[in-house]
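The sequence and structure come next.

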Amino acid sequence: KRKPQRNNEAAESGVEKPLSKQCKVSHSDMAPFLLRPWVRFQEVLPEVMLFGLNISVTVVSFVFFIIVRIIGNAILSYNNWPPGEFNTMFTNSCIVAMSHSSNLILPLAQGLWMLPYKPTMSQSAAPKYWQLASDAMLQFCTAYMLQDSLLTVIRAYQLGGLQDGDLLFIAHHFATFSYMTQCRWIDAGYISAMTCILCGEVSNPPMMVWYITDKAIKSACCSGPRVQFLFEIFSVI
């Protein structure tokens, strides 16, 4: 009988090397381009378990949004936005919101495009790389909802009370967070949650630009012809 071919190392040792050790391919290598960073995100982080769920991506993403908020505040201060005012704080929140939506829109669209629309489908029925990517995106969105709710409460404390619409935003964030967490707990409903996120976020970037230009016009430091032009353009969009 013909013996299977061995590699040089196995031939020298006289022991065949298992196939799994000869060529170990990570799930991120098999994932489509737009999902690959999310799969890799899951693979490199150590597990942080809470109530039976891995929240490592949530923790790292929460820190990411806080850093974006700090950088946004520095940029606004550099451009002479008045510190401690509602318009400045709201504009900074818009910057953070864009960092959330712009990172999710295309990967969500590709993830949903790959599978048939079955809102109650078990996640385990999807390829492993899809499971990792979809779970990472839900954790990323969860982190945004948590930090935005927290910073809304902090802003209300600094300004002496909640602004119009703050309670509605906090209620929305809680509902979204609880729904995504339930999907992760029962290992189903990911497609439904991802569809809701995509529909909610796809219009976010132009809307945030409109909000920022609107607040800039209302702030004495930052109104100008270019800002007013952008405001008119994004008002139509």
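In this predicted model, Phe51 sits in the loop that joins strand E1 (49–50) to strand E2 (53–54). The phi angle of Phe51 is near 55 degrees, a positive value in a residue other than glycine, and with a relative accessible area of 67% the residue is exposed. A positive phi, of about 70 degrees, is also found at Asn80, which is not a glycine either. Asn80 belongs to the loop between H5 and H6 and is exposed, its relative accessible area being 57%.

The aromatic residues form 10 pairs in total. In one of them, the rings of Phe65 and Phe140 have their centres 4.9 Å apart and their planes at 45 degrees, so this pair is classed as tilted. Because Phe65 lies in helix H5 (residues 56–78) and Phe140 in helix H7 (residues 128–159), the pair ties together parts that are 75 residues apart in sequence. Phe65 and Phe140 also belong to one aromatic cluster, together with Trp38, Phe41, Phe64 and Tyr144.

Another aromatic pair, formed by Phe90 and Tyr211, is edge-to-face, with 5.3 Å from centre to centre and 80 degrees between the planes. Since Phe90 lies in helix H6 (residues 86–114) and Tyr211 in helix H10, this pair ties together parts that are 121 residues apart in sequence.

| Residue | Relative accessible area | Class |
|---|---|---|
| Phe65 | 0% | buried |
| Phe140 | 5% | buried |
| Phe90 | 18% | buried |
| Tyr211 | 26% | partly exposed |

Buried means under 20% relative accessible area, so Phe90, at 18%, still counts as buried, whereas Tyr211, at 26%, is partly exposed.

Helix H10, which carries Tyr211, also packs against another helix. Helix H10 (residues 204–218) and helix H11 (residues 225–236) meet at an angle of about 140 degrees, with their axes 9 Å apart. Only angles over 145 degrees count as roughly antiparallel, and H10 and H11 are therefore described as oblique to each other. Their crossing is left-handed. On the H10 side the contact is made by Pro206, Val209, Trp210, Thr213, Asp214, Ala216 and Ile217, and on the H11 side by Val227, Gln228, Leu230, Phe231, Phe234 and Ser235.

Note on methods: Residues are numbered from 1 along each chain as its sequence is written. This is a predicted model: local features need pLDDT of at least 70, side-chain atom pairs count only at pLDDT 80 or more; totals for chains, interfaces and linings use all residues. Side-chain values use heavy atoms; hydrogens and water are left out. Axes are lines fitted to C-alpha atoms, for helices over the stretch in contact, and angles run from 0 to 180 degrees between N-to-C directions. Helices (H or I, at least four residues) and strands (E, at least two) are DSSP runs, numbered from the N terminus. Angles under 35 degrees count as roughly parallel, over 145 as roughly antiparallel, 65 to 115 as roughly perpendicular and the rest as oblique. A crossing is left-handed if the near helix is turned anticlockwise from the far one by less than a right angle, and right-handed if clockwise. Contact means heavy atoms within 4.5 Å. Rings of Phe, Tyr and Trp (its six-membered ring) pair if their centres lie within 6.5 Å; planes under 30 degrees apart count as stacked, over 60 as edge-to-face and the rest as tilted. Buried means under 20% relative accessible area, exposed over 50%, partly exposed in between (1.4 Å probe, protein chains only).
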